[in-house]
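Let's take a friendly walk through one protein model. Have a look at the sequence and the 3D view first, and then read on.

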Amino acid sequence: MRRDTSGGDGTEPLPPGYRIGDWEVTTPIGAGGWATVYAGRRVGGGSQEDDVALKILSTEGLAPRQARKVADTARREAELGRRARHPRLIRILDSVVISEPDRPFLDGAIVLVMERAARSMRDLIDAGPTEAEGARLIADVCEGLAHLHRTGWVHGDLKPDNVLLMADGSAKLADFGLATELTGTRGTHGYALPMGTFDYLPPERWKAPLGEHGVQVRPSTDIWALGIMIHQVFAAGASPFPGATPVSRAAAAQEYADGRAPLRMDNAVPPFWRALAADCLAPTHTARAAHTAETLLARITDRQVATRSTGGRRWRLPRVALMAAAVCGAAVASWSYATHDSEAGAPAAPTAAETPGRVRVFNTEQACKERTDRIPDCSLGLAVDPLRPYTVDNVVPTRVWHGDVLAADCQFSQGVPIVDEAGTWSAQWFRVRLPRGSARPTAWLPAVRTKDRPALPPCPRPTPLR
Ligand SMILES: Nc1ncnc2c1ncn2[C@@H]1O[C@H](COP(=O)(O)OP(=O)(O)OP(=O)(O)O)[C@@H](O)[C@H]1O
């Protein structure tokens, strides 16, 4: 942090041209509970990268403890910005302490210099996003969260106001003032001040004991908030928990978590997003922990692959999202073999046990297991190459569904590791035969997508494709 000694004119708001270190104010953007944000630019700079947002955290009039809280907030934001850089997190470029003895509001204020966004997710929700816009937004949020959690942080205040949209439409997580570093022996939890936004706090938080270091915070805290946000994206900003005030909605969330009320989502939320939100809103930390930002992103990616390969409505996932899903050992890949036993008029499929060398496709998503209409949202993909990340260009066009039985001719145990939605992990793959007439004779099914373990010979190591 640097100390700025440049001058100003002593009035509020800050006038255009006001210097803060290497930066100057252009126009006001808005104010939150703790900060005032201005548009600014690098002094003498002319490129788009020189356009920034200046977040001013003043300590004027605060009791020493509150002033410490503000300073802590700024320190945490700057620290996280330095250590957890990622394209889906707003970048903190600089931090400056203003020295203005004649202007109490500014004297000692901490200024965080950040990448400037065009608007927030709240603005997009208010405008009524299309499903494609909502989908892209949620994928970006999952990607940012996955990175944050992987690097050992919990955001702690995830809400539409803290997801910012850039000029190119991509979303980034912002406002890390309540972020907590995971410190448990296995990096599973951390401690935070009992703060946050009522509407987004998980039900267990209301009963969490307040210890010497604060309340326990885990990544599942952010997953709950994500569930609320997914609902809001498709339900015109409404929370899934009824109530006229944040306190009554928080009470409704606790009723649901205690099993006294069902989870009722708005009919406007499409089935795929409803299932995803319901998993994020699992009532306990333990149930929710099965759904990480990575597995959620994998499901979104898989759906996007399915939609593309069936020629359905398209929406674009940023390439980085696909890569992140792949690197995290995302979901699955595959095709359609013709033996789904629930298909109208189809002959009863052989059980996998009756036909050694055959594997029955297993989809962990309950809603998909129950469906028999082979909707694209419930299809899975087969990989072209088990050594390559699971991305759109590594999936064969034909799809498979829960219950399909595929002929497998060998198994390969050193492929790209795949994690399914239930958190099952495996680097094993089965080589399966594609129907006659397909562009390729075989493709690969990850072992996490079947319960069968037929005794098959090992496959020769596939030649990596370019
Ligand atoms: N990097 C940025 N680029 C553009 N606008 C921003 C940026 N950061 C914040 N804003 C906007 O500035 C306004 C106030 O910011 P913010 O809400 O973060 O302040 P805060 O006091 O930290 O908020 P809170 O009350 O949630 O703690 C909001 O309208 C927000 O969208």
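In strand β19, W429 is the bridge partner of F412. Residues are numbered from 1 along each chain as its sequence is written. This is a predicted model, in which local features need pLDDT of at least 70 and side-chain atom pairs count only at pLDDT 80 or more, while totals for chains, interfaces and linings use all residues.

Strands here are DSSP runs of E with at least two residues, numbered from the N terminus. Two strands pair if DSSP finds at least two bridges between them. Strands β16 and β19 pair in the antiparallel sense over four bridges. Both belong to an open sheet of four strands, in the order β15-β16-β19-β20. Because β15 and β20 stand at the edges with a single partner strand each, one side of each is left without a neighbour in the sheet.

| Strand | Residues |
|---|---|
| β15 | 358-360 |
| β16 | 405-412 |
| β19 | 429-433 |
| β20 | 442-446 |

Now to the ligand. Among the 21 residues around the ligand, G30, G32, G33, V37 and A53 come nearest; a residue is near if its C-beta atom, placed from the backbone, lies within 6 Å. Strand β3 gives the largest share of this shell, three residues.

Is K55 buried or exposed? K55 counts as buried because it has 26 C-beta neighbours inside 10 Å, and the cut-off for buried is 20 or more.

Conventions: A residue is buried if 20 or more other C-beta atoms lie within 10 Å of its own, exposed if 12 or fewer, and partly exposed in between; C-beta atoms are placed from the backbone.
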